[in-house]
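Here is a walk through the structure shown below.

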Amino acid sequence: MDARLEKILPLVQKPGRYIGGELNSVEKDPSTVDLRFAFCFPDTYEIGMSHLGIKILYYLINEREDAYCERVFAPWLDMEEQMRKVGLPLFSLETGTPLTEFDLIGFTLQYEMSFTTCLYMLELGGIPLLSKDRHDLKNLVVGGGPCACNPEPIADFFDLFMLGDGEEVMMDLLDLYKEYKERGASKEEFLKAASHIGGIYVPSLYDVSYHEDGTVEAVSPVGDAPAVVRKRVVADLDSVYYPDKFLVPYIDIVHDRAVEEIYRGCIRGCRFCQAGFLYRPIREKSVSTINAQAKRLCESTGYDEISVISLSTSDYSGIQPLLSDMADWTAEKKINISLPSLRIDTFSDELVEKLNLIRRSGLTFAPEAGSQRMRDVINKNITEEDIMKSVRIAFANNYATVKLYFMLGLPYETMEDVEAIIALGRQIVDAYYQNPDRPKGRNLTVNISASPFVPKPFTPFQWEPQDTKASIEEKQERLHELATKTRLHVSSHKSDTIFLEAAFARGDRRLGKVILKAFEKGCYFDSWDNCFDIDKWMEAFEECGLDPAFYSNRRRSYEEVLPWDHLDNGPSKEFLIRENEKAKQAAVTPNCREQCSNCGAQRLNDGKCDALLKIDRGREAV
Amino acid sequence: MRDVRIRFAKTGKAKYISHLDLTRCFARAIFRAQIPLWFTEGFNPRPYMNFTSPLTLGAESRAEALDIRLEDESMTDEEVAARLGAVMPPDIHILSAAPPVYKMNQIEESRYRVEVEPSNGDPEALAEAFRQVSEQEHLIVEKSGKRGKRKVMKQIDLKEYIKDLSVSTEGERTVMEVTLPSSSQFGVNPRLFLDKFLSETGEEPVRIRMMREAMYIADGILFE
Ligand code: SF4
């Protein structure tokens, strides 16, 4: 270990964040590989290590004999201070190698508010922030993850982005990089070639022109770069790489458990939900693959909890057989199954009990909107009866805590819709006290969380304005007012970060200046409330002559060229327009298992989509 | 049911692992090794594990101990050690597994080896300076302790607790070996000891290393 690091570790909180050496971390001799990849997560160790994508790609890259993938996380403020004091640049956990030694520096972009933290990590690593200031092929800065679907605001900092599923495109990228590195090719030559790999977007090969009003006039490819970049889609989840081990951290992280992904995409089509559209088309893993992978993971990690994840677990076509299979082997090994995103009303009482489906912390449920009209606007295909049924199951199982998630400021929302949130809460309270078998002497707690809505690209609401701060605050006040003297506890998200999140989500390339300026003013770790400083951000916008409201609160016309129109992430514009028009009528769209709505994502997968599977995956397992 | 005492070394990066994290790490390792652990009864059954008192963060050890209780007696000590050894993170090494001889709470003191690489590159001079410090009449330090639930600072005289101190040099390093109390009631950690010697000499070392070499019960008998 570096002597400077040894010296400062005793001086920081949680030194375990900075040492690596965890179980199942990969040790290689760097001198024996051709490619060194720094996998950077722009947040703390505890958050980064909880993320599934980093684990998949870490092991996938390390499967290659010619490459070594090491992890880098953002040092917390106390560590940063010590590192600067002793002149220690940002380093990888596996071998303590400075960032400047890596061929590729890859960031996973999970949320917009981590953009400045990417800059912070580059700067702490001594890497020039702007792509144009990095002249060599070495230290190529690449990005992927959900925010890469519209990476325009950070296009100045990155050399290329990977769109869609990372497993295959990453391998193609490394093959090409190796070839060009061996040949001693220039960065320009390499980037030109890389732009022809499916799913790779090289922003410097596109010129953006603007109208006088600030909207985009055109995005034009330079040379022979493709006019439209299509995201990559892994066709078969049964055969695609999934690690048989996970890094097992020493220190406590946010999600410290084994994780098994069961399908990608979502059949629901909730109109506010970016993930629901971005990961389409639907691709399911089979029950037998899931069981085998999950078992192996528990064995190699020693975790006593496995989380079965997807965007909406109950929609997995083989959910019943899967859960009964899993219940058998997990019970024997004293392993808990955790099932986020599950609708318990679809399960038998027996299964609810057997799997302890309602966690000790109580029932959580996301109706997202209070009124049926509003739930239809957002295409959240649940009725009040569905909600009440789940709640009654929870009460019958002796639970007296219910947590409900809602959004405020959804498109086409009125004050009556907001008030309906409280009405729904009251119904739940009534249901509890009407239940003669309710737990004696225990009062019900209903927690209502209402967070402001952020419109995102590749959703039907990508043209819609975000509700203004004043309007959101008015709605929050109304909720609190109505909740007094009820058993409802309302918590509402107060932070200003969501207004910036909205600007970056649908931003254009001009925002790069703002992000750089804000970083220079000391903005990073913006997703941490104690680090976020709205005043500095507003200054940065002003000094760049840009207005965040232009991006967040403006309604776009369907004709406007959107900054991400040259990036095809699956759903077609026609489909999104259709859906937004239906939203205006509060008309619902059936889920994909009932009927395909021709969202367009299947085009990227040779016309295939597992939502259309006629066979019941469940039967296959029996 | 039978108890097995695991002896292990915690070196390199693992020295930054706190006691709590180490507990979790072993629970998972035992699970991976498929060792049939006995679980406590009750609503929330927990595997039975009992560690020696925590080592100060930043110190390594070749002498840690952990008692576990096996549900199924048929697994031999050798097998427990081998299975566990195969699944530990890189910097935790299983040394042995055997039936406990003494009780954990009989431990009274530990032998430490403390290495210091001086900033001026002269380990002989630092050794001499350390020897002079050790000859002072008192070595008063502030030690955090607990009074009831409250954390309090109290003053102790290290001189009363330092036993069998030897100072020598090895290559670029000044080496001190010392025995300090480490019972479950009262302990002096090697960091406190070293920091006093550093502050008295004004030394700001390039590198330090602290290692627990052995643990003893009363009368200097090796803990097993
Ligand atoms: S292709 Fe059809 S079934 Fe598949 S996700 Fe799109 S709308 Fe749904």
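The side chains of A:R264 and A:E167 come together in a salt bridge, 2.6 Å from N to O. A:R264 sits in strand β11 (residues 263–264) of chain A and A:E167 in helix α6 (residues 166–183) of chain A, so the pair ties together parts that are 97 residues apart in sequence. Both A:R264 and A:E167 are buried.

Before going further, some ground rules. This is a predicted model, where local features need pLDDT of at least 70, side-chain atom pairs count only at pLDDT 80 or more, and totals for chains, interfaces and linings use all residues. Residues are numbered from 1 along each chain as its sequence is written, chains are lettered from A and ligands numbered from 1 in the order in which they are written, and side-chain values use heavy atoms, with hydrogens and water left out.

A salt bridge here is a side-chain nitrogen of Lys or Arg within 4 Å of a carboxyl oxygen of Asp or Glu. Buried means under 20% relative accessible area, exposed means over 50%, and partly exposed is in between (1.4 Å probe, protein chains only). Helices (H or I, at least four residues) and strands (E, at least two) are DSSP runs, numbered from the N terminus.

Back to the pairs. A:R264 also forms a salt bridge with A:E261, and both of these residues are buried. Another pair is A:R230 with A:D568. A:R230 lies in strand β9 (residues 229–230) of chain A and A:D568 in strand β19 (residues 567–568) of chain A, so this bridge links parts that are 338 residues apart in sequence. A:R230 counts as partly exposed, at 44% relative accessibility, while A:D568 is buried at 10%.

Here are some of the bridges, with their N to O distances:

| Residue | Partner | N to O distance |
|---|---|---|
| A:R264 | A:E167 | 2.6 Å |
| A:R264 | A:E261 | 2.8 Å |
| A:R230 | A:D568 | 3.4 Å |
| B:R24 | A:D252 | 3.5 Å |

Over all chains, the count comes to 70 salt bridges. A:D34, A:R64, A:D66, A:D175 and A:K178 are linked in a network of them.

Now for chain A's buried spots. Which residues of helix α16 (residues 497–505) of chain A are buried? Nine of the nine are, so the helix is largely enclosed by the rest of the structure. Its buried residues pack against α5, β17 (445–452), α15 (469–483), α17 (511–520), α18 and α19 (548–552) of chain A.

Leaving aside neighbours within four places in sequence, A:A540 is in contact (heavy atoms within 4.5 Å) with A:V514, A:K517, A:A518 and A:K521.

A:N139 is in the loop between α5 (115–124) and β4 (140–144) of chain A. It is buried too, at 14% relative accessible area, and its side chain reaches the backbone oxygen of A:T100 at 3.0 Å. A:R17, in the loop between α1 (3–8) and β1 (35–41) of chain A, counts as buried at 8%. Leaving out neighbours within four places in sequence, A:R17 touches A:Y45, A:E46, A:W76, A:L93 and A:I251.

## Where the chains meet

Chain B has four helices and 11 strands, and 49% of its 224 residues count as buried. Its C-alpha trace spans about 55 × 40 × 30 Å along its principal axes.

How many residues of chain B are in contact with chain A? The count is 24, and they meet 33 residues of chain A. Together the two chains bury about 2300 Å², 57% of it on carbon and sulfur atoms; buried area is the accessible area (1.4 Å probe) that two parts lose on being put together, summed over both. B:K13, B:Y16 and B:R28 supply 31% of the area that chain B buries against chain A, more than any other three residues.

Between chain B and chain A there are four salt bridges. Helix α1 (residues 19–32) of chain B gives the most to the side of chain B that touches chain A, with six residues.

Note on methods: A polar contact is a pair of N or O atoms within 3.5 Å; within protein, one must be able to donate a hydrogen and the other to accept it, and residues adjacent in sequence count only if both atoms are side-chain atoms.
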